[in-house]
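Colleague: I have just opened this one. Can you walk me through it?

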Amino acid sequence: MASPRTITIVALSVALGLFFVFMGTIKLTPRLSRDAYNEMKRAYKSYVRALPMLKKMGVSSILLRKSIGALEVACGIVMTLVPGRPKDVANFLLLLLVLAVLFFHQLVGDPLKRYAHALVFGILLTCRLLIARQPEEQPPEKRILSVNGDEQPLVHEAAPEKGKMKVS
């Protein structure tokens, strides 16, 4: 049976992956929701206006929105479907992306309700990354005592039997 740690990582990976595929798709196309797509277009225009440095670098609101959307879709697919180390890389990239989006929201002075979802999903990405990077718990090793060339398990380290007290 899978460990609770594994179940948690898989559940978070799939949920986060699907969320970012959905959000990235909204940034890329109006097919899922025309209203949300138009809202994204408006928001990214305000982000580029608030950062004139982006304009000087030749980054338009369309390029910024589509780049972020494509990265979200790609990382979301990796988080959902690809096993192993690439999930952690996608998780880290999405976390950086969420931090950038939070910065944009703060820069334009959006109220908390406009970016609360980014905070929540940033926390979930952080939790998933921390859980995934923890080492797997190893079962306790049995110590062996060598007596006259014969190896025997140490009895003193075992838990006391039922009904008996351990005296030190």
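Modeller: Start with two helices, H1 (residues 4–28) and H4 (residues 61–81), which pack with their axes 7 Å apart at an angle of about 155°. Keep in mind that this is a predicted model.

Colleague: How does H1 run relative to H4, roughly parallel or roughly antiparallel?

Modeller: Roughly antiparallel, because the angle is over 145 degrees. The crossing of H1 past H4 is left-handed.

Colleague: Which residues make that contact?

Modeller: From H1 the list is Ser13, Val14, Leu16, Gly17, Leu18, Phe20, Val21, Met23, Gly24, Thr25, Lys27 and Leu28. From H4 it is Arg65, Lys66, Ile68, Gly69, Ala70, Glu72, Val73, Gly76, Ile77, Met79 and Thr80. Sorted by class, the contact of H1 with H4 holds 12 nonpolar, 7 polar and 4 charged residues.

Colleague: And H2, how does that sit against H1?

Modeller: Helix H2 covers residues 34–50, and its axis comes within 8 Å of the H1 axis, crossing at roughly 75°. That makes H1 roughly perpendicular to H2.

Colleague: What meets what there, between H1 and H2?

Modeller: On the H1 side there are Met23, Ile26, Lys27 and Leu28, and on the H2 side Ala36, Tyr37, Met40 and Tyr44. The class count for H1 with H2 is 7 nonpolar, no polar and 1 charged.

Colleague: At what angle do H2 and H4 cross?

Modeller: At roughly 120°, with the axes of H2 and H4 coming within 8 Å. H2 is therefore oblique to H4. H2 passes H4 in a right-handed crossing.

Colleague: Which residues of H2 and H4 are involved?

Modeller: H2 brings Tyr37, Met40, Lys41, Tyr44, Lys45 and Val48, which meet Ser61, Leu64, Arg65 and Ile68 of H4. For H2 with H4 the classes come to 6 nonpolar, 1 polar and 3 charged residues.

Colleague: Changing topic. Where does UniProt put the feature "transmembrane region"?

Modeller: The unreviewed UniProt entry gives residues 7–26, 89–108 and 114–131.

Colleague: What does the model show over 89–108, helix or strand?

Modeller: Residues 89–108 are 100% helix and 0% strand, with the end C-alpha atoms 29 Å apart. Residues 114–131 are also 100% helix and 0% strand, and there the end C-alpha atoms are 28 Å apart.

Colleague: Last thing, confidence. What does the chain average in pLDDT?

Modeller: The chain average is 86, and 82% of the residues score at least 70.

Terms used:
Residues numbered from 1 in each chain as written. Predicted model: local features only at pLDDT ≥ 70, side-chain atom pairs only at ≥ 80, totals over all residues. Heavy atoms only, no water. Axes fitted to C-alpha atoms, helices over the stretch in contact; angles between N-to-C directions. Helix = DSSP H or I, 4+ residues; strand = E, 2+ residues; numbered from the N terminus. Parallel < 35°, antiparallel > 145°, perpendicular 65-115°, else oblique. Left-handed = near helix turned anticlockwise from the far one by under 90°. Contact = heavy atoms within 4.5 Å. Nonpolar A, V, L, I, M, F, W, Y, C, P; charged D, E, K, R; others polar. pLDDT = per-residue confidence, 0-100. UniProt positions renumbered as here; feature names shortened; annotations may be inferred.
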